[in-house]
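Let us read a structure together, one feature at a time. Have the viewer open.

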Amino acid sequence: FTDLTPTHISWQPSVNAANHHTDRYANTELTVRRGQAFIITLYFNRPRQNGESLAFVTEIGPYPSESHRTRAVFKLSEAGPSGWSAAQGPSEATATNFVITSPANAVIGRYNLTLLVTSGNKISSRYLGQFVLLFNPWCTGDDVFIANENERQEYVLNENGIIFVGNARYIEARAWYYGQFQDLLNICLTMLDLSLYYRQDPGMDVSRRGDPKYVGRVISSMINGNDNDNGVLLGKWQGSFHSHENPSRWDGSVVILKKWRQDNYRPVQYGQCWVFAGVMCTVLRCLGIPTRLVSNFNSAHDVDRNLSIDKYYDSSGRSLNISKDSTWDYHVWNESWFVRPDLGRSYNGWQVLDATPQEQSKGIFQCGPASVVAIKEGEVDLDYDTLFVYTEVNADCNRWIVYNDGTKKRVYCDTEIIGRFISTKALGSNARVDITANYKYPEGKGIVTRVYKKALAKILGTSVTEGRTESADGRPSETVRNPGIAGKFKLAEPPVFGKDINLILVLNNLSSDRKAVRVDMSASTILYTRRTVAEILKATTSAELGPKQGKHIRVKIPYAHYGKYLTTDKRIQVTALCEVMRSHGLKLLVEKTIILEDTNIIIKLPRRIVVNRAATLEISYANPLPEPVSRCVLLVTLMNQQVKINLARLAPRERSKIYFEFTPRRSGPLQLQVDFSCDKFSHVKGFVTIAVAPS
């Protein structure tokens, strides 16, 4: 007899891809999920004889070994110790079907498959090719198993996303295209091989890739390029972006990941929190880990880890950038769904992962996975980085006045402002779902203070009996004396980009004594991280308040003052420091952040849009300014196809429109994004989700 040898292999791509929910990946090699059988067909040079036995070998990584579970040898119809198995399916004379099953905890990545033929005492091996193995949220034995099919459709298979931005009083939705099936799988696998973890110990690193907590943590370190590790994006939050991309320019992850590969894995410039989170969601969904984006409004960054955010102002109410602590209007991170055998069953479920480089964890810019349950319960000593995320949603907020002689006086403490309206996209729609209750107990209940004290005790290593107003180093701080007046800013009308802003400072005398009040007012354009860009208003006035009397002070910020200092964040912060005269320096600090509204882009759809048929949309855009604008550009993005349209200049307050024709190639939801820029402002966004009907 000639030796039994396979002459040809069929990976049965369409059958396997349909069974494994991998039919949308653009790569051509077999892509399957772990813990589930797949079929291959081998064509042999002759029928198999008695006494000839077959076995398969799977190998992954540079140093495959059975002890590391990166190599498995398994004979036909024999259950071996590796958890891999092969069985013969219904076959013909020379075409044999084999059903191969991987264990539900197998390492994920690209495998080599080899056939061993044993005939008597002779063993010959034949290399068959490569396949990719992914996490399997459909498999009950997999750590990432998620029981609800609607959740799997959303958190694994949906390529369109919504990111909630703005601030706690004005939440806006921004579209994001994840595009995890757009030929990114090789890029995502390469990302694992470029990490510092892999460089330190390739064999050990690959052997741990069956664990979603390990893979999630490694990916969180690789989305940012802050560790000299070929990360995907560099962050930048101030100054100009020059020849690089303003973070507001991005509409999705595909362009960023492909640019990263094209530039030989040099970090792409630039990202901010929602960009890091959007790209990480793409990579984790691509690898098969259920993942979603979460926005936290009034998000604390507590550098000194004392559960308190300290903000400083000078004696005229101007914000001072002297604290390392900060509060961002919003911060976006990811949640991924998997079990936590390292912590115990009660911590299974959603886990926070954050790729935005804020603080190092074990020497690397990475964050998580932190169990959302652990955060809610104040278990800040549990792995990984639970304390950092706990403070993002729970820190106290202190405001201090710094006098000319350097002395500091606390004028305000708020225990409820941080961590509001924690939001994520709804299943199957663009609606916002508030998930604050997953992260914290309702304010005003005693349990909140109990959890806070537990967290503080774990940080300080001692039990805490005082209330929450002490400074977190344990020393009671000077208590805030009530100045006897209350104040707030109200908008006289909605603040519109390009128009003057009219505000009213409402002051109320809470006492039955007359009060003379000096008011120092200032306004600055700011970033979403609340960093000051430029001061645009400074004024001092005074008010006489009779007993229990209220007073309205009008404030106007003309467009001419703010226009050229506004960033794409379109934010202005107004503060009033109100000092009660002859009261030994009692002061009230009133603050408001204004986001300028911009109803610029309007997209009109035809009544019905059908797959493979041309459709025409009407896109209208406007110049909201009292001056003309030129160099107008409209970017229209559908999935990862972008069209750039140069437009004529617009007169002051002029609105214009274009007609845009496209042909959808798939039925189902399709996101269309529009981005409008000109010489006076940039990256005004609009989007619509189109339901494409089957033909």
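The dialogue below goes from domains to helix packing to backbone details.

Q: Which domains does the assignment give for the protein chain?

A: Keep in mind that this is a predicted model. The domain assignment gives domain 1 (6-134), domain 2 (149-458), domain 3 (485-595) and domain 4 (602-692).

Q: How far apart do the C-alpha centres of domain 2 and domain 4 lie, and how many residues does the contact take from each?

A: The two centres are 31 Å apart. Domain 2 puts 18 residues into the contact, and domain 4 puts in 14 residues.

Q: What area is buried between domain 2 and domain 4?

A: The general idea comes before the case. Interface size is often given as the accessible area lost when the parts come together. Here, domain 2 and domain 4 bury about 1,300 Å² between them. Carbon and sulfur atoms give 48% of that area.

Q: Which three residues supply more than any other three of the area that domain 2 buries against domain 4?

A: Select N160, Y177 and D251. Together they supply 37% of the area on the domain 2 side.

Q: Now the helices. At what angle do α10 and α12 pack, and how far apart are their axes?

A: Helix α10 covers residues 386-394, and helix α12 covers residues 446-460. They pack at an angle of about 140°, with axes 12 Å apart. Roughly antiparallel would need an angle over 145 degrees. At about 140°, therefore, α10 is oblique to α12.

Q: Is the crossing left-handed or right-handed?

A: The crossing of α10 past α12 is left-handed.

Q: Which residues make the contact?

A: From α10, pick L387, Y390 and N394. From α12, pick V451, Y452, A455 and I459.

Q: How do the residues of this contact divide into nonpolar, polar and charged?

A: Six are nonpolar and one is polar. None is charged.

Q: On to the backbone. What is omega for the peptide bond from G368 to P369?

A: Omega is near 0°, and the bond is cis. P369 sits in the loop between β18 (349-353) and β19 (370-371).

Q: What about the peptide bond from D383 to Y384?

A: That bond is cis too, with omega near -5°. Y384 is in the loop between α9 (372-376) and α10. Helix α10 is the one that packs with α12.

Q: What is phi for F421, and where does F421 lie?

A: Phi is positive, about 50°, although F421 is not a glycine. Look for F421 in strand β22, residues 420-425.

Notes
Residues numbered from 1 in each chain as written. Predicted model: local features only at pLDDT ≥ 70, side-chain atom pairs only at ≥ 80, totals over all residues. Heavy atoms only, no water. Axes fitted to C-alpha atoms, helices over the stretch in contact; angles between N-to-C directions. Helix = DSSP H or I, 4+ residues; strand = E, 2+ residues; numbered from the N terminus. Parallel < 35°, antiparallel > 145°, perpendicular 65-115°, else oblique. Left-handed = near helix turned anticlockwise from the far one by under 90°. Contact = heavy atoms within 4.5 Å. Nonpolar A, V, L, I, M, F, W, Y, C, P; charged D, E, K, R; others polar. Domains from an automatic or database assignment. Buried area = accessible area lost by both parts, 1.4 Å probe.
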